[in-house]
Amino acid sequence: MPAPLTVILPTLNCASTLGPTVASLYLGIEAGLIHQVIFADGGSTDRIERVADDIGAELVVSPQGRGTQLAAAAKTAKTGWLLFLHADTVLSDDWPKILRHHIETSQNAAYFQLRFDAQGTAPRLVSAWANLRARLFALPYGDQGLLIKTSHYTKIGGHPEIPLMEDVAIARKLRRTLTALPATATTSAARYISDGWLKRGTKNLTTLALYFLGTAPEKLARRYNKR
């Protein structure tokens, strides 16, 4: 049986920090689960092509913007399932077994349980809220990953080609057909540590509210990226 999964990572000048994410993917390769790894690149200048060559990944370059990058890469996938994963996210060691079971028993899209690579009360509270939000409102963010059948992804129109909120937009398309996987996605806490947990959390909630109120993603991206 051919490996059923293509993993797509959006990249932009992150070649030096991809190591832990790629290492967690090797478990899926060893398990015969991963057929393709694609870097959906937005014009990196850090020689990301060398990293792709070294690990046997494909490199798809498109205009910058995470939604645009992911949509472009998905068009080149050759498998029945897609896994979209941020380039600073590390999957728990049990992910291949859990993901394979889901693929064999469900047609639903799915996401992982979020953790941060930081200790303390704030990281636990923020990740707990993220997991609760995903479960109650069917609204996981991109740092929780997204597993979806390729045919379903195509049917709903894939990721919108927008610079921000592409994860929320596709989650809303999927609505209640999302399953929470009992495996963990540990993501970087660097932005939270830099900005402060409360400030970054408030900024995220405000951005989400403005998006729901109809603010253009391009405007939200400019606001979100301001220090």
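Which backbone oxygen lies 2.7 Å from a polar atom of the side chain of Thr-150? That of Thr-79.

This is a predicted model, in which local features need pLDDT of at least 70, side-chain atom pairs count only at pLDDT 80 or more, and totals for chains, interfaces and linings use all residues. Residues are numbered from 1 along each chain as its sequence is written, and side-chain values use heavy atoms, with hydrogens and water left out.

**Thr-150**

Thr-150 lies in helix H6 (residues 150–155). Helices are DSSP runs of at least four residues, strands of at least two, numbered from the N terminus. Thr-150 counts as buried because its relative accessibility is 17%. Buried means under 20% relative accessible area, exposed over 50%, partly exposed in between (1.4 Å probe, protein chains only). The Thr-150 side chain also reaches the backbone nitrogen of Trp-81 at 3.5 Å.

**Aromatic pairs**

The structure holds five aromatic pairs. Rings of Phe, Tyr and Trp (its six-membered ring) pair if their centres lie within 6.5 Å; planes under 30 degrees apart count as stacked, over 60 as edge-to-face and the rest as tilted. Two of the pairs are tabulated here.

| Pair | Centre to centre | Between planes | Type |
|---|---|---|---|
| Phe-116 and Trp-197 | 5.2 Å | 85° | edge-to-face |
| Tyr-211 and Phe-212 | 6.1 Å | 45° | tilted |

Phe-116 sits in strand E6 (residues 109–116) and Trp-197 in helix H9 (residues 197–212), 81 residues apart. Both Phe-116 and Trp-197 are buried. Tyr-211 is buried at 15% relative accessibility, whereas Phe-212 is partly exposed at 40%.

Methods:
Polar contact = N/O pair within 3.5 Å; in protein donor to acceptor, adjacent residues only side chain to side chain.
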